[in-house]
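I open these notebook entries with the model in view and write down each item as I look it up. The order is the order in which I looked.

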Number of protein chains: 2
Amino acid sequence: MSQHRPAGTPGRPSAVPALPDLPEATVARLPEYLRALHHLADAGNDTISSEGLAAAAGVNSAKLRKDLSHLGSYGTRGVGYDVALLIDQIEYVLGLTQRRSVALVGVGNLGHALAGYAGFGTRGFRIAALFDADPRRVGENINGLVVRHIDELAQIVAAEAIAIGVIATPATAAQAVADRLVAAGVTSILNFAPCVLAVPDGVDVRKVDLAIELQILSFHEHRKSSLTALPGGLGAEAVGT
Amino acid sequence: MSQHRPAGTPGRPSAVPALPDLPEATVARLPEYLRALHHLADAGNDTISSEGLAAAAGVNSAKLRKDLSHLGSYGTRGVGYDVALLIDQIEYVLGLTQRRSVALVGVGNLGHALAGYAGFGTRGFRIAALFDADPRRVGENINGLVVRHIDELAQIVAAEAIAIGVIATPATAAQAVADRLVAAGVTSILNFAPCVLAVPDGVDVRKVDLAIELQILSFHEHRKSSLTALPGGLGAEAVGT
DNA sequence: CGCGATTTGTGCACGACTTCACAAGCGCCT
DNA sequence: AGGCGCTTGTGAAGTCGTGCACAAATCGCG
């Protein structure tokens, strides 16, 4: 991760709250808090205690308080947190105050599903363009978006100021696609292909590999079954993340 | 996680190599090593150094050696690791020597894609049954599997000895589905619904939330853009995981 | 106005994970 | 046989994350 701190962080005019550099573990949990908060808000809650929010997000309450304290002091002792205010704060920190456009490359099995996934739209993102290398898929209309040929990628990414790319191609094509995305100016990539991507410094990559998740569960299954015939409960819940 | 250690671990007959209790972080990386090893094997490599494998898996070589050392000593100094042997060892530890059956609940947008995803089959898993609550979907044939009504879940999970369940339903249905899976005997759940699941001790849950991944990337985008006009490179690659 | 109940924010100790650096081991070449 | 180069396996130090426990702060009530 980046180590640089903005030179003038202390004593700034507070016009913009300034991004504190959060621990990566905290960043990974903020979206979960955000989801829980929206849920609470829909249920009509105006305030929520750290205990309550922690339960809704499935974490320890001390951890939650520490996470939120990194954003600043937005709770009231004896009362709890203002739900609406906290939502605003987290959305600001996560950069969700502006809807972010993403480019989705690879409209196969998984790509199709992602293109149609409503959760992106409701949580701050807009799929701005679909690409595929297969000419037979180009022109297809998915959810109101037309699939374009990947050769148009650079032009459209630039025109729409897209900074995030999603790769849902086979692993063999993923590196080439990543290279094209980076060349077009994308600086964050979500990779669903089961392979490691090499990208320049300054480009962030996150990977989601569905088979890996199952293999991790398989390990725990294996472990449990090799422990049968032992007295006492096993006690395992919410493995890893 | 489980704290119990098998009472008789030291001095066992070594008929079965015995599962060492691995650090969770190591377990999460083993599948990645496994994928890289298969790739190397396909490319005709018989042995591989920790440096080489680490590069292929996108990790630090010291970390890789420590991870593998937890499985036992399967490398040769001055030479490296025997690819085939290491594949066997990792597959054994992950419990992939037997193909594991999984039940997939929810055949919507995402469920469809998962049902058709070839990566499961090639990496140790078999989708043994599909379920949905919507009668209009029941009976549909996806990839050679017939969608069944969720009321049949208990019976089929028992009959096929299914231990792993995948939830690809809307968030509103996820907890109810999880309860039914657990009641039917499933002890590991992969949850794609954006919500927290409550399950009894002894049941493992892993969660994949696509929007959360994007939100984490969004944070880093926000951070990068608030750092422009600063001298020097930013340097960020392979954020978290 | 003061007191008690409640809840946040945080210092601190602990544990987990990472990374460096190097001794020990292995094979090859002479 | 012996030495040299390469690579593993691991001690040790450092970093990061977690969770307890409590002081500080706020509200409501008598």
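Entry 1: I began with the classes and found that the surface near DNA strand D has 9 nonpolar, 10 polar and 7 charged residues, where Ala, Val, Leu, Ile, Met, Phe, Trp, Tyr, Cys and Pro count as nonpolar, Asp, Glu, Lys and Arg as charged, and the others, Gly among them, as polar. Before going further I noted that this is a predicted model, in which local features need pLDDT of at least 70 and side-chain atom pairs count only at pLDDT 80 or more, while totals for chains, interfaces and linings use all residues. I also noted that residues are numbered from 1 along each chain as its sequence is written, and that chains are lettered from A and ligands numbered from 1 in the order in which they are written.

I then listed what surrounds DNA strand D: 26 residues, the closest being A:Pro23, A:Gly78, B:Ser50, B:Gly75 and B:Gly78, with a residue taken as near a molecule or strand if its C-beta atom, placed from the backbone, lies within 6 Å of it. At least two residues each are supplied to this surface by helix H1 (24–42) and H3 of chain A, and by helix H2 (50–57), H3 and E3 of chain B; helices (H or I, at least four residues) and strands (E, at least two) are DSSP runs, numbered from the N terminus. H3(B) gives the largest share, 5 residues.

**Entry 2: H2 against H3 in chain B.** I looked up how H2(B) and H3(B) pack, and the angle is about 105° with the axes 8 Å apart, the axes being lines fitted to C-alpha atoms, for helices over the stretch in contact, and angles running from 0 to 180 degrees between N-to-C directions. That makes H2(B) roughly perpendicular to H3(B), a label for angles of 65 to 115 degrees, with those under 35 roughly parallel, those over 145 roughly antiparallel and the rest oblique. The contact is made by B:Ser50, B:Glu51, B:Leu53, B:Ala54 and B:Ala57 of H2(B) and by B:Ser61, B:Leu64 and B:Arg65 of H3(B), where two residues are in contact if their C-beta atoms, placed from the backbone, lie within 7 Å. These residues divide into 4 nonpolar, 2 polar and 2 charged.

I also checked B:Ala62, whose place is in helix H3 of chain B. B:Ala62 counts as exposed because it has 11 C-beta neighbours inside 10 Å; a residue is buried if 20 or more other C-beta atoms lie within 10 Å of its own, exposed if 12 or fewer, and partly exposed in between, with C-beta atoms placed from the backbone. B:Ala62 and B:Ser50 are 12 residues apart in sequence and 7.9 Å apart in space, C-alpha to C-alpha.

**Entry 3: a sheet in chain B.** I found an open sheet of 3 strands in chain B, in the order E1-E3-E2 and with antiparallel pairing; two strands pair if DSSP finds at least two bridges between them. Strand E1 (47–48) and strand E2 (75–76) of chain B stand at the edges with a single partner strand each, so one side of each is left without a neighbour in the sheet. E2(B) and strand E3 (residues 80–82) of chain B pair in the antiparallel sense over 2 bridges, and B:Gly75 stands opposite B:Tyr81 in E3(B). Helix H4 (residues 83–93) of chain B packs on this sheet, touching E1 and E3 of chain B, and its direction makes about 70° with that of E3(B).

**Entry 4: a covered helix.** I noted that helix H5 (residues 109–116) of chain B is mostly covered, with 6 of its 8 residues buried, namely B:Leu110, B:Gly111, B:His112, B:Ala113, B:Leu114 and B:Ala115.
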